[in-house]
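Subject: Structure handover

Hello,

Here is the structure for you to look through. Please open it first, then read the notes below it.

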Amino acid sequence: MIESKRLILQPLTHDQLVKYIKNDNSLEAELKLNPTHKIISPALKEALEETILPNVADTGKNHLFSTL
């Protein structure tokens, strides 16, 4: 995680990535952010479901290289 007075960059967990895909503002609520409308492209959704989520869920892999 990288943090300054005005910015926090943190890797999303598996559960947070699932909330991101749901696109129902549950992730924003968890992170105490303003609700937002986002468009998740089919290519990004496919990458998340087929590659990113399985890699983040695999405890044998370093999830920091696989998450958003």
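Glu 28 sits in helix α2, residues 26–30. Helices here are DSSP runs of H or I with at least four residues, strands are runs of E with at least two, and both are numbered from the N terminus. Before going on, note that this is a predicted model: local features need pLDDT of at least 70, side-chain atom pairs count only at pLDDT 80 or more, and totals for chains, interfaces and linings use all residues. Residues are numbered from 1 along each chain as its sequence is written, and side-chain values use heavy atoms, with hydrogens and water left out.

Is Glu 28 buried or exposed? Glu 28 counts as buried, because its relative accessibility is 7%. The cut-offs are these: buried is under 20% relative accessible area, exposed is over 50%, and partly exposed is in between, with a 1.4 Å probe and protein chains only. Glu 28 touches Leu 33, Asn 34, Pro 35, Thr 36 and Lys 38, leaving aside residues up to four places away in sequence. A contact means heavy atoms within 4.5 Å.

**Two salt bridges**

How many salt bridges does a search of the whole structure find? The search finds two. The term means a side-chain nitrogen of Lys or Arg within 4 Å of a carboxyl oxygen of Asp or Glu. Side chains of opposite charge can pair when their charged atoms come close.

Glu 28 is in one of them. Its side chain meets that of Lys 38 in a salt bridge, at 3.0 Å from N to O. This pair links distant parts of the chain: Lys 38 is in the loop between α2 and α3, Glu 28 is in helix α2, and they are 10 residues apart. Lys 38 counts as buried too, with 14% relative accessibility.

Lys 19 also forms a salt bridge, with Glu 30; the closest N and O atoms are 2.6 Å apart. Lys 19 lies in helix α1 and Glu 30 in helix α2, so the pair ties together parts 11 residues apart in sequence. Lys 19 is partly exposed at 26% relative accessibility. Glu 30 is also partly exposed, with a relative accessible area of 37%.

**Helix α1**

Now turn to α1, residues 14–22. Which residues of α1 are buried? They are Gln 16, Leu 17, Tyr 20 and Ile 21. These residues are on the same side of α1, because they cover an arc of only 145 degrees around the axis. The arc is that of the directions from the helix axis to the C-beta atoms. An α-helix has 3.6 residues a turn, so residues three or four places apart point the same way.

The face turned away from the buried side carries the exposed residues Asp 15 and Lys 22. The cover over the buried residues of α1 includes α2 and α3 (42–57). After α1 comes Asn 23, with a positive phi near 60 degrees.

Look at Gln 16 in this helix. It is buried, with a relative accessible area of 6%. Gln 16 touches Gln 10, Pro 11, Leu 27, Glu 30 and Leu 31, not counting residues up to four places away in sequence.

Gln 10 is in the loop between β2 (8–9) and α1. Gln 10 is partly exposed, at 36% relative accessible area. The C-alpha atoms of Gln 10 and Leu 64 are separated by 9.4 Å, and the two are 54 residues apart along the chain.

**The nonpolar core**

The largest nonpolar core has 10 residues in all, including Leu 12, Leu 27, Ile 40 and Leu 48. Such a core is a set of buried Ala, Val, Leu, Ile, Met, Phe, Trp, Tyr and Cys residues joined through side-chain atoms within 4.5 Å. The elements that give two or more residues to this core are α1 and α3. The largest share, four residues, comes from α3. In soluble globular proteins, nonpolar side chains tend to be buried together.

Leu 48 touches Leu 17, Tyr 20, Ile 21, Leu 53, Pro 54 and Leu 68, again not counting residues up to four places away in sequence.

**Strand β1**

Last, find Ile 2 in strand β1, residues 2–3. Ile 2 is exposed, with a relative accessible area of 57%.

Best wishes
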